[in-house]
Amino acid sequence: MPDQPPLLIELLRAAYAAFNARDIDAALALMTPDVAWPKAFKGGFVHGPEEVRAYWTEQWSEINPHVEPVAFHLEDAGQVLVEVHQVVRDLTGAVLTDEHVGHRFTIEHGLIQAMEVCP
């Protein structure tokens with residue numbers, strides 16, 4: 001039985017909310033054990049929950065990103081393209097970037113298996 005679109009959107013909304021709240025455990029609970037996550041500000045990918053945790057912990061010690069989903073587009077093969085409004089501030093609160101980008105998620109068995117950043 002394929003994942004139902006409203007459930008996919010709920011899953012992704014919960015993931016963004018957890019990320020923005022800096023609730024790593026809640027976000028990781030929504031991911032597969034072999035999740036692949038982009039190191040958007042460093043390049044490359046991290047794999048698995050512990051690498052995602054280490055990457056986010058490092059990222060948040062350097063910058064303060066906030067990503068708000070704007071629209072969800074269901075694609076083939078269990079993928080969802082999410083348009084997000086992303087505001088990245090430095091640790092003093094100055095805005096470094098304020099832009100709209102795409103995040104393409106691959107969903108497996110109701111969990112996030114991969115994410116990639118799209119222009």
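**Entry 1: the pocket**

I began with the lining of the largest pocket, to which helix 1, strand 1, helix 3, strand 3, strand 5 and strand 6 each supply at least two residues; helices (H or I, at least four residues) and strands (E, at least two) are DSSP runs, numbered from the N terminus. The model I am reading is a predicted one, in which local features need pLDDT of at least 70 and side-chain atom pairs count only at pLDDT 80 or more, while totals for chains, interfaces and linings use all residues. Residues are numbered from 1 along each chain as its sequence is written, and side-chain values use heavy atoms, with hydrogens and water left out.

I noted that a pocket is an open set of points on a 1 Å grid over the protein atoms alone, where a 1.4 Å probe fits and protein lies on both sides within 12 Å along at least five of seven lines, and that lining residues have an atom within 4 Å of a point. The largest pocket holds about 310 Å³ of space, a volume being the space filled by probe spheres set on the points. Its lining has 21 residues, of which Phe19, Val67, Gln86, His103 and Met115 are the closest to the centre. Strand 5 gives the most to this lining, with 4 residues.

**Entry 2: the core**

I then looked up the largest nonpolar core, which has 29 residues; such a core is a set of buried Ala, Val, Leu, Ile, Met, Phe, Trp, Tyr and Cys residues joined through side-chain atoms within 4.5 Å, where buried means under 20% relative accessible area (1.4 Å probe, protein chains only). Leu12, Trp37, Trp56, Val82, Phe105 and Ile112 have the most contacts inside the core, and helix 1 gives the most to it, with 7 residues. For Leu12 I listed contacts (heavy atoms within 4.5 Å) and found Phe72, Val80, Val82, Phe105, Ile107 and Ile112, leaving aside residues up to four places away in sequence.

**Entry 3: the rings**

I counted 6 aromatic pairs, taking rings of Phe, Tyr and Trp (its six-membered ring) as paired if their centres lie within 6.5 Å, with planes under 30 degrees apart stacked, over 60 edge-to-face and the rest tilted. Phe19 and Trp56 form an edge-to-face pair, because their planes stand at 75°, with ring centres 5.1 Å apart. This pair links helix 1 to helix 3 across 37 residues. Trp56 and Trp60 are stacked, because their planes stand at 25°, with centres 5.6 Å apart. Trp56 counts as buried at 2% relative accessibility, and Trp60 counts as buried at 16%. Ring pairs link Tyr16, Phe19, Trp37, Trp56, Trp60 and Phe105 into a cluster.

How values were computed. Buried < 20%, exposed > 50% of the residue type's maximum accessible area, 1.4 Å probe, protein only.
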